[in-house]
Amino acid sequence: MFVLRKMVQGRAYTVYLDARSETEAEAELALFLRDPEGYRTRQEARQLKQEAAVYLTAETVGRFLESMRNAGTTARYVGNVGFYLATWAEALAGRDLRTVSLQELLRELARHPTGRKNRITALKSFASWLREQGALSLAEDPTVSLKVPVTRPEKAMREKGYSIETTERLYRALSGWEFKNFNQEATRRMTDVQCVRDVLCIHAKTGMHGTEIERLARGEGKVAVLEEPGEIAATVTFIHKSGNVHRQSIDRQTLAAVQRLQARGAAPVDSHIRRVVGRACKKLGIEPVRLGEYRHSFVTWASECGQEVRPKTGGLPLAAIAAVVGHHSANTTKRFYDNVKVPPMIKIPIRLEHPEDPVWLPVRAAALRLVESA
């Protein structure tokens, strides 16, 4: 056994080396002299390295996903990230992430022909969180050189949006009457299809994102019914992820759809929407319709045939106000002075009618449960 005894700056060191020859012992002596306090024998270094190992385990991934939820990330996105990290955990089981090479990650990606961008984004986000926790250094991160591909969206390679006629036909085809006898099962199925029609109505008449409709259905917003008569029946208000307040005016049919979804407590899941819409499209003999593209459709319809509807109390467009007060852009006026309680509504000449739609009954503002955004 080789023993190193040395006095450095008044401190005596005695280190039992795990060297197997005099040459190895002299090499360890050189390492010791370079940094006496930080010196570790080879066995100690291996033990420390093992203790500092970083693994992609269910527990670690769970803490990462929880941090995403606490940051306000939508449940749908958290679920998607969790799915892709689960595939990475299976591929890298038992591997210290610090020892994984870029080539290994690329080989694993080559095994999955779809979702490449999402798989890379999920892993890089997880590694970034590990660095923030101090569990992984930048030099040890195998995802640093992993580039997120700039892909062209599939919808950019085809015509986006749908016509008003197609939308009206689709709405009429979303039927829940699939049973000859009107029983409890038939009632449940009819209700399940009604919520899909409600989602389609909100998409087509407001241009909202799917996540915005989901938040409204969960009650994460405020619905204010107007007392005054007119085409604007209510306003919906919620806070974007950016922190900006979004307020939009809606008509009576859209208000009824929002209230039914809020009474239900949640919007229908995507798989149910795709199944119901796909069945209706097959019946009509058309390609499957994607409700997420109705934001584009709404903007197109608004520019081609939309009409601006203002509340009975009147009001001027922000562009006109910006010109009077000397703002170069209406965005400045909107950012600092847009406190309008009832914004203008864009009216689209679309008729969404179905014999199964419940009869809409007006709900007075005093009787409506208002849920404030968090």
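Mentor: Helix 3 covers residues 58–70, 13 residues in all, and reaches 18 Å from its first C-alpha to its last, close to the 18 Å expected at 1.5 Å a residue. Keep in mind that this is a predicted model.

Trainee: OK. Which residues in helix 3 are buried?

Mentor: Thr60, Val61, Phe64, Leu65 and Met68. They cover an arc of only 135° around the axis, so they sit on the same side of helix 3.

Trainee: And which ones are exposed on the other side of helix 3?

Mentor: Ala58, Glu59 and Asn70 are exposed there.

Trainee: What covers the buried residues of helix 3?

Mentor: The cover includes helix 4, residues 75–91, and helix 6, residues 116–132.

Trainee: Let me pick one residue. Is Leu65 buried or exposed?

Mentor: Leu65, which is found in helix 3, has a relative accessible area of 11%. The cut-off for buried is under 20%, so Leu65 counts as buried.

Trainee: What is Leu65 in contact with, leaving aside its neighbours within four places in sequence?

Mentor: Val78, Val81 and Gly82.

Trainee: Take Val78. How many Å separate its C-alpha from that of Leu65?

Mentor: The two C-alpha atoms are separated by 6.3 Å, with the residues 13 apart along the chain.

Trainee: Different topic. Which residue just after helix 3 takes a positive phi?

Mentor: Gly72 does, with a phi of about 95°.

Technical notes
Residues are numbered from 1 along each chain as its sequence is written. This is a predicted model: local features need pLDDT of at least 70, side-chain atom pairs count only at pLDDT 80 or more; totals for chains, interfaces and linings use all residues. Side-chain values use heavy atoms; hydrogens and water are left out. Helices (H or I, at least four residues) and strands (E, at least two) are DSSP runs, numbered from the N terminus. The expected span of a helix is 1.5 Å times one less than its number of residues. Buried means under 20% relative accessible area, exposed over 50%, partly exposed in between (1.4 Å probe, protein chains only). The arc is that of the directions from the helix axis to the C-beta atoms. Contact means heavy atoms within 4.5 Å.
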